[in-house]
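Please keep the sequence and the structure in view while reading.

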Amino acid sequence: MENLSFLFIEDDEIEVLKFKKSLKKLGFTHKILEAKNGEEALDILKKKQELPNVILLDLNMPKMNGLEFLKELKEDPHLRYIPAIIVTTSNNHQDMLESYNLGIAGYIIKPLRYEDYIKKIQRVVDYWMVNEVIEF
Amino acid sequence: MKDTIQALEEALQNEKRAREKAEELLLHRTSELLELREALKVKTREYDMFFDNILDAFIVINPSTGNVIKMNDAAVKLFGYDIKKEPFNLVNIIYKDDFAYAMNSFAQLIQDGTFPNYEARVYTKDKQVKWVQVNSSLIYNEEGQIVGAQGIVRDITESKENAVNFEEQREQLAAIVDNSTLGIVLAQDRKIIKTNKAFEQLIQYSEEELLGLPIESLSFEDGHEESRGLYKQMVDKEIDHYSLQERYRRKDGTSFLSKTNVTGVRDGNGKIKYQLAFVEDITAKHKRRVMLDTLNNLTRSFIGKLTIHDIAWEIANVAAHDLEFEDCVVYLVNKEEKVLEQIAAYGAKVDENKQIVNKIYIPFGKGIVGHVAETGKPELIQDTSKDNRYVVDDKRRLSELAVPIIINDEVIGVIDSENSSKNFFTKEHLRLLVNVANLVSIQLTNANNLERRIAAESENKELLENLKRSNKELRDFAHIVSHDLKSPLRSINALISWFQEDYEHVLDAEAVETFDKLNNKLEQMDALIDGILRYSSVNDKNILAVQKVHIEEVLEEIKTILYIPEHIQFIYPDNLPTINADKTRIKQLFQNLISNAINYIDKEEGKIEVKFTELKTYWKFSISDNGVGISEAYHDKIFKIFQTLDKKGKSTGIGLSIVKKIIELYNGTISLESKEGKGTTFFFKLKK
């Protein structure tokens, strides 16, 4: 897929900026939908006007956190097919177990260095670009 | 001649005739004599036969000498002397105390010719003393002269002794009756006809006062019905005796509790002729019984009572009720206020709802109770009107008993009882209440211990819960904090990068260096946060696996993870074991120690060596380096979290704390040997 659409769920605006800047720096032109937390994300998804190909989400968020969002997502008969990838600073074993149990497409630890971050994002995007994703 | 011859013949003839006549006469005489003799013989034999055949002893004496001249076999048997073998004089055998009586009696015999029923003692040949009864008379010849004295002697020793025994027994019986501690009453138709001293002392009446009194007039009415019923049963021949408890009234108005055993004495027709009653004063026994029962009841009632308040009510009720106290108040010491509070009571001090009426507080040292609380000594006041310490509570009472309850040498309460009459309380009451107080003390100590144990147990439980909770919270906290701390670090790093990019053209070398230093610090901080995270998760049993860990494999992996510079030689033996543990932890353990070793090697040719020994219950490893070494002063310190000896580098002070924690997780120990400048060897054991 040349043009993917990502739903990026993150409460920290710098993180959002980082992601957008990274894609831009990498020359990608994929569409980015933004949500500040799980609730906002669900609102967007439930409208079903514009569904993303891939969801990237943080775990620690105010209101509805990442895991709670995942649960809701996986309970929806349609939305549950959208691949969701965790992007977090925490490598908490329990969180990892639970995430994989609920059904995720990846678990990425945010590295400290910005350049390392860009490298990781590049790989993730590249990967999903060679993947077949479900079109809604 | 013829004539002469004839004459001679005639003369001869005459003489012959005369001689024949004489002979005939003589013959006649002789035969008469012979007949007489025969008759005499018969008489003598008859006499002897009579003599021999009388069963009683029979003797004949010479009255002028006392020598026995005739005796029968019975006499021989009686006296032991036999005149056929030896002389036997009666005077010699008279019992010395009876001598005068014997002589007088003999004089009487000589005077009167007979002496009936002489009774005295004699010595037999074998020195026995025998009582004899003699009926005697004199024997005269034809001229009326006394030729002998005869007597029939009977041995009355036995009957004499029997008579003595009977008398003795009567005396003994009387002694028993008189000295008996049991009161004995003999009655006819339930009216007293005889009493003994003990009964008279018990009831305080004299025998004269008692004679003729109906038995019932002495005892309390409440027992009469039972007593009459039993007596009727006895009259009806259903029973021969009965026993009952009744209370008797003394002359002075006091009373005593008795156990009375009544036996019926019947006449030939089986009719009750007398009633014999044994009366025992069981007041003391009863009291002891009651006191013992009270103690038992209290002990029972204390079971399960844990507070002084509950116990106090038991004391007030059980003790006062059982002991027939008219009042009982239990006080509790209030140490702060220095007063005694009434916490339980019996009698006038309690209303229907078990509430204490007009509760008063007694200051220490005031009144008898306050005094007892202060001294810790029990007080028995026989007459409160003579004791100026006495404090009137609800009403003035004349005797008082107050006993302290002491725990660990400290008075915690006072049991107090008062009575309207003087001298009501006895030493037994005092002893009993002291025992009750001891019982309370023991029970409260136990209750206290129990309460403390229960409290401690629930506290432990709570602590454990808290610990579990805090452990979990700590873990969660560590993760949240580390996440929240790590995120800004990432943001800062990104912001710095953007700043550098945006202002690349204006930043000089110095600024670039400053940004590099800033990033270094960020990395240090990030490492520290990771360290805390790892440290906090070492104990997390949820992620603790039990698997076969090949140590050699672990070391191989570490070689690929850690950067080991060219100049450092890393050696390990080929006998390394496979142990049961969590691989991640074991790897963490070796990795931390080895990376420390790498970091602190300052020599041109570095060397890190792992060694292994198998002990009986432990795996023992050592990791040595030829690095800078650690001063002995820090040997303990280095295992503590955040302790680092190197402030400049990447060291976080967490690595060795994690090492220690992992080793402790496997019940092992760690120690080190080090020489500054020469190197360090860590020794550690893991339990198999």
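How many salt bridges does a search of the whole structure find over all chains? The search finds 43. The model is predicted, and the points below are grouped by topic.

**Salt bridges**
- Side chains of opposite charge can pair when their charged atoms come close.
- B:Glu86 and B:Lys125 form a salt bridge, at 3.4 Å from N to O. This pair links distant parts of the chain, with the two residues 39 residues apart.
- B:Glu86 counts as partly exposed because its relative accessibility is 21%; B:Lys125, at 42%, is also partly exposed.
- In the salt bridge between B:Asp293 and B:Arg289, the closest N and O atoms are 3.2 Å apart. Both residues belong to helix H8 of chain B and are 4 residues apart, so about one helical turn separates them.
- B:Glu557 and B:Lys587 meet through their side chains in a salt bridge of 2.9 Å, N to O. B:Glu557 lies in helix H13 of chain B and B:Lys587 in helix H14 of chain B.
- In chain A, salt bridges with shared partners join A:Glu10, A:Glu15, A:Lys18, A:Asp58 and A:Lys110 into one network.

**Helix H12 of chain B**
- Helix H12 covers residues 509-537 and reaches 42 Å from its first C-alpha to its last.
- Its buried residues include B:Phe515, B:Leu522 and B:Ile529. Among the elements covering the buried residues are helices H11, H14 and H15 of chain B.

**Annotated regions**
- UniProt, in an unreviewed entry, places "domain: Response regulatory" at residues 5-125 of chain A. This span is 45% helix and 19% strand.

Conventions
Residues numbered from 1 in each chain as written. Chains lettered and ligands numbered in written order. Predicted model: local features only at pLDDT ≥ 70, side-chain atom pairs only at ≥ 80, totals over all residues. Heavy atoms only, no water. UniProt positions renumbered as here; feature names shortened; annotations may be inferred. Expected span 1.5 Å × (residues − 1). Buried < 20%, exposed > 50% of the residue type's maximum accessible area, 1.4 Å probe, protein only. Contact = heavy atoms within 4.5 Å. Salt bridge = Lys/Arg side-chain N within 4 Å of Asp/Glu carboxyl O.
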